[in-house]
Amino acid sequence: MLTWWFQRRIFVGRGLREGLVDNLKYSLFWIVLLATKFSFSYFLQIKPMINPTKQMLRLRDIKYEWHQFFSNSNRVAVGFLWLPVVLIYLMDIQIWYSIYSSITGAAVGLFDHLGEIRNMQQLRLRFQFFAIAIQFNLMPEEQLLNARGTLRSKFNNAVRRLKLRYGLGRPYKKLGSNQVEAHKFALIWNEIINIFREEDIISDREVELLELPPNTWNVRVVRWPCFLLCNELLHALSQAQELVDAPDKWLWYKTCKHEYRRCAVIEAYDYVKHLLLRIIKVNSEEHSIVTTFFQENLIETE
């Protein structure tokens, strides 16, 4: 019966109708709206006017200052009394539609988390939690079926998911370039960016800024997108100039407090190391000096 009710009467677009749940939601919206409209009109407009209307119709021998179209009757006065009620009754459905559409839109946006990330700074803060949430939620189906934990573990799992959704928790596991989870996240994220480009939502320049480049030079950290690492090297250099008299361990501790800054420094260090070892002739004295230098000045990432 519900399928027949939502079935189109024309052939064009007959197989393109919305799902049953969406149709029920749409019908429920209008049922609630019309119920509110009729309830408001009856209890607050029509019902309070019934007794005054009866009393006016019972009055006799009333002399009006204007011309009477119906002698010995108060029909014109009753008509003028009911005229605002009729006009409001015909117009208030637009008012109720505006109210309920605003409430429905706000609820949909709230549950779909629309507008939570409003600028680039918030995106940079939430991107790491997004990466952790992907590897936390996109688990193999067999692993989900076999995960039979206690009630407490399931509750902690739900709380952790909620924190990751709203960006309140901390990454429970760091993503490293030697981990399978980082590779999975890079594949998923790059696929999302490629789909955005195919749909012409973003440009080629934005693709270069958003995609995760492949780890081809054995970088020890995750190669985050360029928009996350912008100016991080400059901040690290300025921080090093400010703490020029401080010990190296303290400087590295201050740098590691910012995850993207730490990754940018290690990535730049590995790039320079790779380039120098490639452009200098192998089995030469310079090559051995540079190799010894990098071995003695290995950066501790953990």
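## Salt bridges and a nonpolar patch

Asp-200 is exposed, at 59% relative accessible area; the classes are buried under 20%, exposed over 50% and partly exposed in between, with a 1.4 Å probe and protein chains only. The model is predicted, so local features need pLDDT of at least 70 and side-chain atom pairs count only at pLDDT 80 or more, while totals for chains, interfaces and linings use all residues. Residues are numbered from 1 along each chain as its sequence is written, and side-chain values use heavy atoms, with hydrogens and water left out.

Asp-200 pairs with Arg-197 in a salt bridge, defined as a side-chain nitrogen of Lys or Arg within 4 Å of a carboxyl oxygen of Asp or Glu. Arg-197 is partly exposed, at 28% relative accessibility. A network of salt bridges links Arg-197, Asp-200 and Asp-204. By this rule the count comes to 7 salt bridges, including those in the table.

| Salt bridge | N to O distance |
|---|---|
| Asp-200 and Arg-197 | 3.2 Å |
| Arg-220 and Asp-270 | 3.1 Å |
| Arg-261 and Glu-232 | 3.1 Å |

Arg-220 forms a salt bridge with Asp-270. Arg-220 lies in the loop between helix 8 (204-210) and helix 9 (226-229), and Asp-270 in helix 12 (residues 259-279), so the pair ties together parts that are 50 residues apart in sequence. Helices are DSSP runs (H or I, at least four residues) numbered from the N terminus. Arg-220 is partly exposed at 29% relative accessibility, whereas Asp-270 is buried at 7%.

Arg-261 forms a salt bridge with Glu-232. Arg-261 lies in helix 12 and Glu-232 in helix 10 (residues 232-242), so this pair ties together parts that are 29 residues apart in sequence. Arg-261 counts as buried at 11% relative accessibility, and Glu-232 counts as buried at 7%.

Helix 3 (75-111) has 37 residues and spans 53 Å from its first C-alpha to its last, close to the 54 Å expected (1.5 Å times one less than its number of residues). Helix 3 bends by about 40° at Met-91, the bend being the angle between axes fitted to the seven residues ending there and the seven starting there. Its buried residues include Val-85, Asp-92 and Trp-96.

Leu-34, Phe-38, Val-86, Tyr-89 and Leu-90 make a nonpolar surface patch of about 440 Å². Helix 3 gives the most to the nonpolar patch, with 3 residues. Leu-90 lies in helix 3 and is exposed, at 62% relative accessible area.

Notes. Patches are made of residues with over 30% relative accessible area and no salt bridge: like charges are joined within 9 Å, nonpolar side chains (Val, Leu, Ile, Met, Phe, Trp, Tyr) within 5 Å. Accessible areas come from the Shrake-Rupley method with a 1.4 Å probe; for residues, only the protein chains shown count as cover. Helices (H or I, at least four residues) and strands (E, at least two) are DSSP runs, numbered from the N terminus.
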